[in-house]
Amino acid sequence: MKPVKINPSEPMPLFEQVAAEIRRAIADGEAGPGERLPLAKDLAKVLGVNTNTVLRALRALREEGLLEFRRGRGITVAGTPQRGAVTKRVNELIKFARQQGYRRDELIAMIEAAP
């Protein structure tokens, strides 16, 4: 990884700063789809933060669809930042649809009917 910019005095939470640095590294091609990331404890040491902070960032990136956790394979890059952004929006749409009373199959039907 290139030099990092984790700053405890910034208003942005540390885990979000860590997630942003990992996103940037993936966008810059430092890690591509299918490549394994270093262990969380190693990332924490390099970034100068607590291991739990790194784990929280990694979980957030998994929810975005950017990372994949697999038993025995560790944490791998699942996609690009663009795919992660789309996945995040999809998850927001699903959550919103559920709040409005729509089931998954109804939402899928709406998407398939869209132009």
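1. Let's begin with T53, which sits in helix α3, residues 51-63. (Helices here are DSSP runs of H or I with at least four residues, strands are runs of E with at least two, and both are numbered from the N terminus.) T53 counts as buried because its relative accessibility is 16%; buried means under 20% relative accessible area, exposed means over 50%, and partly exposed lies in between, using a 1.4 Å probe and protein chains only. Leaving out residues up to four places away in sequence, T53 touches L14, F15 and V18, where a contact means heavy atoms within 4.5 Å.

2. A word on the source: this is a predicted model, in which local features need pLDDT of at least 70 and side-chain atom pairs count only at pLDDT 80 or more, while totals for chains, interfaces and linings use all residues. Residues are numbered from 1 along each chain as its sequence is written, and side-chain values use heavy atoms, with hydrogens and water left out.

3. Next, the hairpin. Strands β1 (residues 67-70) and β2 (residues 74-77) pair in the antiparallel sense over four bridges; pairing requires that DSSP finds at least two bridges between two strands. Three residues lie between the strands, and G72 takes a positive phi near 85 degrees in this hairpin.

4. E68 deserves a look of its own. Opposite E68 stands T76 in β2. The E68 side chain also meets that of R70 in a salt bridge, at 3.2 Å from N to O. (A salt bridge is a side-chain nitrogen of Lys or Arg within 4 Å of a carboxyl oxygen of Asp or Glu.) Both partners are partly exposed: E68 has a relative accessible area of 28%, and R70 is at 43%.

5. How many salt bridges does a search of the whole structure find? The search finds seven. One of them joins E64 and R23, whose closest N and O atoms are 2.7 Å apart. E64 lies in the loop between α3 and β1 and R23 in helix α1 (residues 14-27), so this pair ties together parts that are 41 residues apart in sequence. E64 is buried, with a relative accessible area of 13%, whereas R23 is partly exposed at 27%.

6. E21, R24, D28 and E30 are linked in a network of salt bridges. The side chains of E106 and R103 meet in a salt bridge as well, at 3.6 Å from N to O, and E106 is partly exposed at 28% relative accessibility.
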